[in-house]
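Reader: Please take me through this model and set each term you apply against the rule behind it.

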Amino acid sequence: MIYKELVVIGGGPAGLSAAIQAYEEGVQDILLIERDFELGGILKQCIHNGFGLHIFQEELTGPEYAERFIKELKKMNIEVILDTMVLEITNEKKIIAVNKELGILNIQTQAIILAMGCRERTRGALNIPGFRPAGIFTAGTAQRFVNIEGYMPGKDIVILGSGDIGLIMARRFTLEGAKVRCVVELMPYSNGLTRNVVQCLEDYDIPLYLRHTVIEIHGKDRLEGVTVAEVDDNNLPILATATYIPCDTLLLSVGLIPENELSKLAEVKLDDRTGGPIVNQRMETSTQGIFACGNVLHVHDLVDFVTQEARLAGKGAADYLSKGKVDNYADAIPVRVLKGVRYIVPQYFQGKEMLNGRQELFMRSVKPMDKAKLIIDSDKGVIKTKTLNYVKPSEMINVALQKEELCQANPNYLEISLQEVGDRS
Amino acid sequence: MDDVIIIGGGVVGCMIARELSKYNLAITLVEKNEDVACGTSKANSAVIHAGFDAKPGTLKAKLNVRGNTFFPALCEELDVPFKNNGSLVLAFDDEEINTVGELMERGKTNGVPGLDYWDTDKILEVEPYLKKTVRRALYAPTAGIICPYEFTIALAENSYQNGVKYLFEAPVTGVEKITDENLVVRTSKGDLQGKYVINAAGLFADEISKLAGAEEYQIIPRKGEYLIFDKEYGYLAQMVLFPTPSKISKGILVCPTVDGNVFIGPNSNNIDDKTDVSVQREGIEEIISGGKKIVPDLPLKNIITSFAGLRASSTKGDFIIEASQKVKGFINVGGIESPGFTSSPAIAEMIVEILINEGLKLEKKNNFIPHRPRKYRFREMDNEAREKLIKQNPDFGHVICRCETVTKGEIVDAIRRPLGARSIDGIKRRTRAGMGRCQGGFCSPKVLAILAEELKVKPTVIRKANGGSEVLLGKIKEYL
Ligand SMILES: Cc1cc2nc3c(=O)[nH]c(=O)nc-3n(C[C@H](O)[C@H](O)[C@H](O)COP(=O)(O)OP(=O)(O)OC[C@H]3O[C@@H](n4cnc5c(N)ncnc54)[C@H](O)[C@@H]3O)c2cc1C
Ligand SMILES: Cc1cc2nc3c(=O)[nH]c(=O)nc-3n(C[C@H](O)[C@H](O)[C@H](O)COP(=O)(O)OP(=O)(O)OC[C@H]3O[C@@H](n4cnc5c(N)ncnc54)[C@H](O)[C@@H]3O)c2cc1C
């Protein structure tokens with residue numbers, strides 16, 4: 001049995017920042033476990049730039065962004081084991097992991113930070129009818145083939161879903177000389193960042209078909225084409241609009257799912273809206289001493305917010321280890337989601353003495369709004385409002401609540417809503 | 001020159017190959033695909049039926065009940081997961097109760113052991129997620145579930161160890177009588193000569209029989225579509241749950257798999273194209289509505305994949321297992337629709353008798369190897385056993401497929417085994433890498449790299465399955 005004070009699972013930007021923060025807060029005995037052969041997580045395959053605008057006021061590539069944290073981490077006395085897969089965790093904070101050199105590792109720790117990232121939604125989850133040939137890839141898998149392995153999964157491409165990875169790959173494939181025929185999106189708006197729609201599609205004259213979907217896959221061995229159709233108000237295909245588009249490759253960029261198989265083993269409660277753990281303001285899950293941050297908690301569009309959230313988790317774990325176990329978890333203030341908001345993190349505030357100076361709230365809207373009013377309401381009346389411009393479901397909203405604002409009101413619950421300005425309903 | 005040439009590497013062809021490999025014979029199995037278990041034997045309900053369905057007196061009835069009895073020992077011998085979990089036929093109204101009564105009688109006539117009626121309480125105690133209005137069920141203790149491709153692959157591996165030769169990617173284009181004694185089988189990879197030819201070509205058995213000039217019959221493909229749910233919902237069904245059958249099909253079932261998933265399906269629709277295994281929108285709707293009649297709360301957001309299989313339904317209505325009267329030495333095994341998988345061991349037994357009748361001299365081998373090489377399933381091992389294994393071979397400490405916890409050791413083994421995997425799908429069927437919730441998103445680049453390294457070829461050569469299904473189309477910078 002190996003004994004540790006804190007174990008961080010996952011060495012992407014979330015795990016890196018969380019470990020660094022915990023160390024800076026005084027945790028001595030930290031182990032970071034990563035299943036890949038190097039640190040950096042998904043960032044290693046994101047060779048485009050656009051990382052770090054908030055944190056470094058610079059446009060870095062994914063690997064560059066990760067490298068800054070990896071360097072910092074290496075200066076600290078934090079133990080890292082690579083090529084090691086965590087297989088199991090328990091609510092007693094026992095961890096079982098495996099690697100080639102050491103075999104099965106049994107670890108007992110006092111606190112855990114979950115930072116396992118997410119996985120991509122697949123064709124099966126969408127139930128696209130048709131054959132099952134080669135040539136259908138999730139956008140992230142295609143990104144890995146191109147950027148890490150140096151191979152082209154295809155040269156004549158249709159992209160389903162306008163998530164950021166799909167948009168980035170539309171540009172990447174075009175630059176590599178492949179033809180990208182179109183991006184097909186079910187919703188009436190893109191699911192990616194506006195800047196990616198502009199820089200990856202518009203700049204290359206790649207059409208984006210909104211309110212469309214792929215209704216059939218053709219080709220028995222390798223993909224030969226897809227049938228695309230417009231959808232009606234119930235998102236059902238309008239068959240009269242069906243068009244056949246020949247292609248050898250279909251990329252799916254239809255959403256990411258937080259990877260919480262391990263969390264479930266430790267009886268961590270999950271939020272149906274985020275797909276990640278329910279956490280309090282210090283990113284602590286329903287299992288005390290287990291924290292979560294990054295894409296395992298909810299899917300992020302910007303890595304800067306991942307870092308910000310991971311620092312909260314790192315500090316939370318440090319606080320927990322120094323005094324935590326006596327903290328008062330009982331008087332929790334739930335943060336409820338009302339009209340206009342798809343989800344919110346954290347889902348509750350807990351223990352006044354555990355509050356930070358600033359309480360970060362991360363949320364997403366249910367639909368795009370040119371101008372929206374964010375209202376933080378409670379049983380004691382409205383606590384805060386803020387007007388926001390150009391709200392989109394694909395761009396996370398981050399607002400902070402000062403400790404005083406919360407303590408003065410002393411609410412029993414909070415209710416968050418987003419109202420479109422000009423919408424009187 | 002072979003004694004026996006088998007056409008078709010489905011469960012029927014491979015079972016016959018394995019049975020015949022117990023004797024001193026020269027045998028070749030010819031398959032048009034790149035691997036065994038690429039036809040109907042990989043896409044079916046995987047139920048080892050008890051045998052109450054088929055009409056008494058038919059070959060289907062006789063071979064099903066007999067075939068069923070072989071599975072526990074056979075799966076033990078070949079190290080294939082098999083679960084004898086029993087089946088229920090569910091009745092929700094008076095008419096269905098009547099039909100279930102008829103099935104009970106039929107089952108007794110067919111010689112199915114242990115049949116019993118269960119009442120609502122008993123049913124819901126075992127199957128709490130079932131629709132509460134269920135009134136009665138026919139319980140069959142001898143029914144079970146199996147992994148159909150793993151079983152077929154195991155038969156092929158073991159017969160290969162015992163000397164059967166396999167010729168892949170070699171579609172048969174003709175069968176001719178060249179002398180009184182000998183037949184020639186023409187394939188895209190050249191001609192084969194043999195004394196006996198066994199036609200186990202599944203959906204195409206009618207065409208092969210016609211090519212050979214033997215008896216004519218027609219096979220009509222009848223499609224069955226399926227949806228599989230995430231393992232997380234494996235608790236929804238314990239046993240094989242059938243609705244009360246209609247005249248044409250056993251209906252849409254809710255059924256666990258040996259690997260812990262639950263599926264719904266199949267529907268049953270005649271089609272024209274024997275290679276059309278596409279899943280259609282209407283089909284998906286049909287099986288969902290069918291599944292909901294048994295388990296109302298299906299986790300439709302947690303479907304991991306869909307697939308379809310084609311029943312080889314013959315115009316004769318029963319299995320066609322006989323030596324040709326027209327072409328001596330040619331033996332038909334056609335129309336092997338459900339319960340064909342279950343019947344396969346009994347079919348092979350019957351083929352041995354037919355061969356003896358047709359004059360083949362059989363002499364048992366004294367060096368027959370009954371077991372295939374040991375297979376490790378990391379996912380199912382305890383940590384002590386895992387630890388030991390990793391000490392012997394560190395590749396077993398390297399997890400490649402995170403959803404199904406498949407290690408590099410298992411993938412390398414799948415390639416190096418007898419009749420090893422050559423494709424991504426071959427690896428998938430042998431190890432389950434890529435069969436989980438992320439459907440290979442995470443592991444397929446790694447599996448591809450291991451295949452290329454082991455087979456000593458370029459990554460661009462690696463295929464998903466057959467020729468033309470290459471995964472990568474080139475290196476970057478090649479299209480600029
Ligand atoms: C393709 C893509 C493009 C993006 N583009 C941008 C952009 O342009 N700009 C921007 O600011 N943001 C971008 N983002 C968003 C942001 O970078 C990510 O959300 C962020 O990288 C998530 O970090 P993470 O640490 O939570 O997850 P990850 O980076 O996925 O890290 C998780 C790590 O955990 C490890 N792990 C998981 N399970 C286990 C286990 N059981 N045992 C051991 N280790 C495990 C994984 O190997 C991985 O290294 C992009 C995201 C993606 C996916
Ligand atoms: C929807 C569905 C559900 C079913 N459920 C069950 C069940 O629960 N229990 C049960 O017992 N049975 C079930 N069955 C039936 C069972 O799957 C089949 O009876 C069995 O798999 C048939 O095996 P086979 O070897 O005859 O055919 P196949 O597996 O189709 O094998 C035939 C092989 O012949 C090859 N071939 C064809 N033409 C040529 C050629 N010209 N040259 C070379 N090779 C050729 C093909 O490539 C193929 O590999 C089901 C079937 C279906 C479709």
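Author: The model is a predicted one. In it, 48 residues of chain A are in contact with 55 residues of chain B.

Reader: What makes up the area that chain A and chain B bury between them?

Author: The two chains bury about 4500 Å² between them, and 56% of it lies on carbon and sulfur atoms. Lys100(A), Arg132(A) and Tyr151(A) supply 16% of the area that chain A buries against chain B, more than any other three residues.

Reader: Why is the meeting of Lys264(A) and Glu232(B) called a salt bridge?

Author: The side chains of these two residues meet at 2.8 Å, N to O. The rule asks for a side-chain nitrogen of Lys or Arg within 4 Å of a carboxyl oxygen of Asp or Glu, so the pair of Lys264(A) and Glu232(B) qualifies. Across the interface of chain A and chain B, the rule finds six salt bridges. For polar contact, it finds 19 residue pairs across this interface, with both residues at pLDDT 80 or more.

Reader: Which helix gives the most to the side of chain A that touches chain B, and how do the residues of that side divide?

Author: Helix H4 of chain A, residues 139-149, gives the most, with five residues. The residues of that side divide into 20 nonpolar, eleven polar and 17 charged.

Reader: What makes strand E11 of chain A and strand E23 of chain B a pair?

Author: Pairing requires at least two bridges, and these strands have two, so they are counted as paired. The sense is antiparallel, between residues 151-152 of chain A and residues 474-475 of chain B. Tyr151(A) stands opposite Lys475(B) in this arrangement.

Reader: Why is Ser268(B) called buried?

Author: Its relative accessibility is 14%, and the limit for buried is under 20%, so Ser268(B) counts as buried. Ser268(B) lies in the loop between strand E16 (262-265) and strand E17 (269-270) of chain B.

Reader: What makes strand E22 of chain A mostly covered?

Author: Four of its five residues, 341-345, are buried. E22(A) pairs with strand E24 (residues 358-365) of chain A in the antiparallel sense over four bridges. There, Ile344(A) stands opposite Met363(A).

How values were computed
Residues numbered from 1 in each chain as written. Chains lettered and ligands numbered in written order. Predicted model: local features only at pLDDT ≥ 70, side-chain atom pairs only at ≥ 80, totals over all residues. Heavy atoms only, no water. Contact = heavy atoms within 4.5 Å. Buried area = accessible area lost by both parts, 1.4 Å probe. Polar contact = N/O pair within 3.5 Å; in protein donor to acceptor, adjacent residues only side chain to side chain. Nonpolar A, V, L, I, M, F, W, Y, C, P; charged D, E, K, R; others polar. Buried < 20%, exposed > 50% of the residue type's maximum accessible area, 1.4 Å probe, protein only.
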